[in-house]
Amino acid sequence: MIFFPISHFIVIFALKFITDMDLFDRISADIKSAMLAKDRVRLETLRGVKKEFLEAKTAKGADGTLTDDAAVKILVKMVKQRRESAEIYSSQNRADLAGDELAQVAVIEEYLPKQLSDEELAEELRKIISQVGATSAKEMGKVMGVASKALAGRADGRAISAKVKELLA
């Protein structure tokens, strides 16, 4: 019989607990970690994310739960908003504010699924195009409907659209 020190069991239990948490619980736990680390940018960003999650949970017509898919959609929307804000700040010569927005983007992106590379995106879109049976640019709407749902959170909508146009041309 092999004996492990109790600390090994604690680490194994903690790792299992962390990987079994849903996105909402991970954000809540990471808020505590950011407080302890006194990481102001991370703390503010995660508090904003949690606020959005709570609003989605308690919105009219919501059932009080938040699936990870819905949470990813919220995160994607938040990243898009912050990138657009950073772009506006940069055009207004406010590099300090643009930097703050981009720092928040970096924190939020840690919770998003791995983004697809150009090659991976093209491969996924080829599968979707063959599945839908699209042969011309006129059928781009059909492809985009399926692709947007299938690749949600893993690729930007503009990138998907551009690649679909390229593949159907």
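A nonpolar core is a set of buried Ala, Val, Leu, Ile, Met, Phe, Trp, Tyr and Cys residues joined through side-chain atoms within 4.5 Å, and buried means under 20% relative accessible area, with exposed over 50% and partly exposed in between (1.4 Å probe, protein chains only). The views below come from a predicted model, in which local features need pLDDT of at least 70 and side-chain atom pairs count only at pLDDT 80 or more, while totals for chains, interfaces and linings use all residues. Residues are numbered from 1 along each chain as its sequence is written, and side-chain values use heavy atoms, with hydrogens and water left out.

**View 1. The whole chain, for orientation.** Start here to get your bearings: the protein chain has eight helices and zero strands, giving the pattern α-α-α-α-α-α-α-α along the sequence. Helices (H or I, at least four residues) and strands (E, at least two) are DSSP runs, numbered from the N terminus. Of its 169 residues, 30% count as buried. Contact means heavy atoms within 4.5 Å; among contacts between residues at least 6 apart in sequence, 59% join residues at least 24 apart. The accessible surface comes to about 11400 Å², and carbon and sulfur atoms hold 58% of that area; the areas come from the Shrake-Rupley method with a 1.4 Å probe, and for residues only the protein chains shown count as cover.

**View 2. The largest nonpolar core and a second one.** In soluble globular proteins, nonpolar side chains tend to be buried together. Here the largest nonpolar core has 21 residues, of which Ile27, Val49, Phe53 and Leu75 touch the most other members. Helix H2 (23-37), helix H3 (40-58), helix H4 (68-91) and helix H5 (95-109) each supply at least two residues of this core, and H4 brings the largest share, six residues. Zoom in on Ile27 and you will find it touching Leu46, Val49, Lys50, Phe53 and Tyr111, leaving aside residues up to four places away in sequence. A second, separate core of 14 residues has Leu121, Met140, Met144 and Leu168 among its members.

**View 3. Arg42 and its neighbours.** Arg42 sits in helix H3 and, at 18% relative accessibility, counts as buried. Setting aside residues up to four places away in sequence, Arg42 touches Asp30, Ala34, Val107, Glu110 and Tyr111.

**View 4. Asp22 in its loop.** Asp22 is found in the loop between helix H1 (6-20) and H2, and it is partly exposed at 28% relative accessibility. Which residues does Asp22 touch, not counting residues up to four places away in sequence? They are Leu66 and Asp68. Asp22 and Thr67 are 8.1 Å apart in space, C-alpha to C-alpha, although 45 residues apart in sequence.

**View 5. Salt bridges across the fold.** The structure holds eleven salt bridges, each a side-chain nitrogen of Lys or Arg within 4 Å of a carboxyl oxygen of Asp or Glu. Glu124 pairs with Arg154, the closest N and O atoms being 4.0 Å apart. Because Glu124 lies in helix H6 (118-132) and Arg154 in the loop between helix H7 (140-150) and helix H8 (157-168), the pair ties together parts that are 30 residues apart in sequence. Both partners are partly exposed: Glu124 has a relative accessible area of 24%, and Arg154 one of 26%.

**View 6. Two further salt bridges.** Lys114 and Glu120 meet through their side chains at 3.5 Å, N to O; Lys114 is exposed at 64% relative accessible area, whereas Glu120 is partly exposed at 31%. Glu166 is exposed, with a relative accessible area of 52%, while Lys163 is buried at 14%. Elsewhere, salt bridges that share partners join Lys51, Glu52 and Glu55 into one network.

**View 7. The largest pocket.** About 640 Å³ of space lies in the largest pocket. On a 1 Å grid over the protein atoms alone, a pocket is an open set of points where a 1.4 Å probe fits, with protein on both sides within 12 Å along at least five of seven lines, and lining residues have an atom within 4 Å of a point. Grid points are joined across faces, edges and corners, and the volume is the space filled by probe spheres set on the points. The lining holds 25 residues, and Val76, Lys80, Ala155, Asp156 and Gly157 lie nearest the pocket centre. H4, H6 and H8 are the elements that give two or more residues to this lining, and H4 gives the most, with nine residues.
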